[in-house]
There are 2 protein chains.
Amino acid sequence: MNKNKQILLAKRPEGTPDKNTFKFVETDIRTPEKGEILIRTIYVSVDPYMRGRMVDAPSYIPPYQIDDVLGGGAIGEVVESKSDRFEHGDIVLGSFGWQSYYTAKEDEVRKIDKDIAPISTHLGILGLTGLTAYFGLLDIGEPKEGETVVISGAAGAVGSVVGQIAKIKGARVVGIAGTDEKNKYLKEELNFDEAINYKTSSNLQQDIAKACPNGVDVYFDNVGGEISDAVHVNINKYARITVCGAISSYNLEGKDVGPRIQTTLIKKSAKMQGFTLGDYTDRFGEGSEALAKWLNEGKLKYEETIKEGFDHIPDAFLDLFEGNNIGKLLVKVDK
Amino acid sequence: MNKNKQILLAKRPEGTPDKNTFKFVETDIRTPEKGEILIRTIYVSVDPYMRGRMVDAPSYIPPYQIDDVLGGGAIGEVVESKSDRFEHGDIVLGSFGWQSYYTAKEDEVRKIDKDIAPISTHLGILGLTGLTAYFGLLDIGEPKEGETVVISGAAGAVGSVVGQIAKIKGARVVGIAGTDEKNKYLKEELNFDEAINYKTSSNLQQDIAKACPNGVDVYFDNVGGEISDAVHVNINKYARITVCGAISSYNLEGKDVGPRIQTTLIKKSAKMQGFTLGDYTDRFGEGSEALAKWLNEGKLKYEETIKEGFDHIPDAFLDLFEGNNIGKLLVKVDK
């Protein structure tokens, strides 16, 4: 019989995770009991927030413990069912992470419709990624028609959806990303109004000012650090800053230190608000419906970077911090 | 005839203002024309925000120009009226600043009622100070019954009102101030639950944690800097941080640098929002009414530190940054 391949947390990383962070093991596959199903994993998601869970500190989700299975969102096929709710061949979404098989209780996963869009989109634009963009932008950023929305990490999974929703809402959209290829994608494929390459910019603060002649009304921040410092200087009166991620700081060994934000917030009567998707669980229905509608209307496009092979999951995860991927990064574990 | 004594901005300060910042001059008093009144100044207000206006940078109120009359809120007596709306002996409130006389257009000032409370309160608890506390706490901080509210600069003009309003709303109130005398006042006179002396604390972060066993739900920040860094570490999920002032940074010659706040805001789904009173002009009526009611019911106490003599205005202003005063700091210029 097949074995279950798993990737466990071997050692908490200091700074950037490396091969010592991960441990590959094989375990027996547990046969499902009544009310359970056996899932064969097809896709697993790799996301920046997982770096945060590798640290042993209280946060919005509990940290991984040593020898825990890593990862989070995953999609698989039901290969054996002892539940009335599922049958062999159903495609399901759950949080079973980086393992090739999972024996789930029937209420741990939900069935996804194979016909609306490729199933992988449920880990991306129709899943937590899309919902994160939707609530962070609309509930905290509240862009109004004609306002300017700036996004850091703009070509990433969340950022690329944020920009498109902001365009749907009639805003001027400026993305910040780290390669010309990404910026070309933002402008030509996603119709961003401007895109700034922070790596080649000699004066980011000035380049943001140039790209935002009317100032910055909404800043959707995935990155933090010096990129955000440069955006903050350009915000308008009553600006809203959605703090979604701070990927620049996740692998820092020292402290994340920079200009304090207080005087800027006072002068601009501005709001800076952090969130995690868990704050919006009771509104997931609303978000999913809107995203699916826009996707069907052709108003939302998405890009996926799909790596292949279970053994490459850690590499794919580490790629997130290299900033090379466009759109949602996934690993296809099996067909 | 009397001369008008004025204090002008002589030189923009770098770091802490000193005697070279100010210039005393005497000018002729302009006789009021139709629709105007002549005011003899009684009280002038000195406030931390005036330091910000001495810098030549765009902010929520225009910076002072060299040779501008300094100051802001002031109270005086009408000594000559060419307006139907005012008569000799009326007490008026306006923004005519640090000068002994002022010839005002009738719509530049408003009459105040001498009978509700001492007239000086209109520069303090019933004036901009009280309104700042009211809107900053209730509109941004939104304390709920049983929540914990922490205030920096707690014995200052704004802070001492914030704490009392938080008590009225049923919160647990913890003040941070810089002398034992102030903290005694906060606990014994204003019924704060705890008060922390940041100057004698050997571990402020820990002392805040001890004084807030249930964490910090609302932080009303008048101070910024390291004091606020220590509070931020202690905030709860869904905390609200009202950023009202950052007096620790106003006289800094270098940059105001410290831990970036993004990851804290994400982990706690917390909000940090700056404001200035100008954001609430259309709700001043509501605020003034509530403050006067609480004052009459004995639910609000106030302390004033009143210096005497026109020549001491700059000293009084500089005292703000020494942190020696309790409550609202005013200068009585004339009887």
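Biologist: What area is buried between chain B and chain A?

Modeller: This is a predicted model. The area buried between chain B and chain A is about 2900 Å², and carbon and sulfur atoms give 54% of that area.

Biologist: Which three residues supply more than any other three of the area that chain B buries against chain A?

Modeller: Those are Arg260(B), Gln262(B) and Ile266(B), which supply 26% of the area buried by chain B against chain A.

Biologist: And how many residues of each chain are in contact?

Modeller: On the side of chain B there are 38 residues in contact, and they meet 38 residues of chain A.

Biologist: How many salt bridges are there between the two chains?

Modeller: Six salt bridges are counted between chain B and chain A. Over all chains, the whole structure has 44 salt bridges.

Biologist: Which side chain of chain A meets Lys237(B) in a salt bridge?

Modeller: The partner of Lys237(B) is Asp279(A), with an N to O distance of 3.5 Å.

Biologist: Changing topic to chain A: which residue forms a salt bridge with Asp28(A)?

Modeller: Asp28(A) pairs with Lys3(A), and their closest N and O atoms are 2.6 Å apart. The pair links distant parts of the chain, 25 residues apart. Asp28(A) lies in the loop between strand S2 (22-27) and strand S3 (36-45), whereas Lys3(A) is in the segment before strand S1 (4-9).

Biologist: Now the helices. At what angle do the axes of H2 and H3 of chain A cross?

Modeller: Helix H2 (residues 128-141) of chain A and helix H3 (residues 157-168) of chain A cross at roughly 50°, and their axes come within 8 Å. H2(A) and H3(A) are therefore oblique to each other.

Biologist: Is that crossing left-handed or right-handed?

Modeller: The crossing of H2(A) and H3(A) is right-handed.

Biologist: Which residues of H2(A) and H3(A) meet?

Modeller: On H2(A) they are Thr129(A), Gly130(A), Thr132(A), Ala133(A), Tyr134(A), Leu137(A) and Leu138(A). H3(A) contributes Ala157(A), Val158(A), Val161(A), Val162(A), Ile165(A) and Ala166(A). The contact of H2(A) with H3(A) comprises 10 nonpolar residues, three polar and no charged.

Biologist: What about chain B: at what angle do H2 and H3 pack there?

Modeller: In chain B, helix H2 (residues 128-141) and helix H3 (residues 157-168) pack at an angle of about 50°, with their axes 8 Å apart. That makes H2(B) oblique to H3(B). The crossing of H2(B) and H3(B) is right-handed, and the residues of their contact divide into 10 nonpolar, three polar and no charged.

Note on methods:
Residues are numbered from 1 along each chain as its sequence is written. Chains are lettered from A and ligands numbered from 1 in the order in which they are written. This is a predicted model: local features need pLDDT of at least 70, side-chain atom pairs count only at pLDDT 80 or more; totals for chains, interfaces and linings use all residues. Side-chain values use heavy atoms; hydrogens and water are left out. Axes are lines fitted to C-alpha atoms, for helices over the stretch in contact, and angles run from 0 to 180 degrees between N-to-C directions. Helices (H or I, at least four residues) and strands (E, at least two) are DSSP runs, numbered from the N terminus. Angles under 35 degrees count as roughly parallel, over 145 as roughly antiparallel, 65 to 115 as roughly perpendicular and the rest as oblique. A crossing is left-handed if the near helix is turned anticlockwise from the far one by less than a right angle, and right-handed if clockwise. Contact means heavy atoms within 4.5 Å. Ala, Val, Leu, Ile, Met, Phe, Trp, Tyr, Cys and Pro count as nonpolar, Asp, Glu, Lys and Arg as charged, and the others, Gly among them, as polar. Buried area is the accessible area (1.4 Å probe) that two parts lose on being put together, summed over both. A salt bridge is a side-chain nitrogen of Lys or Arg within 4 Å of a carboxyl oxygen of Asp or Glu.
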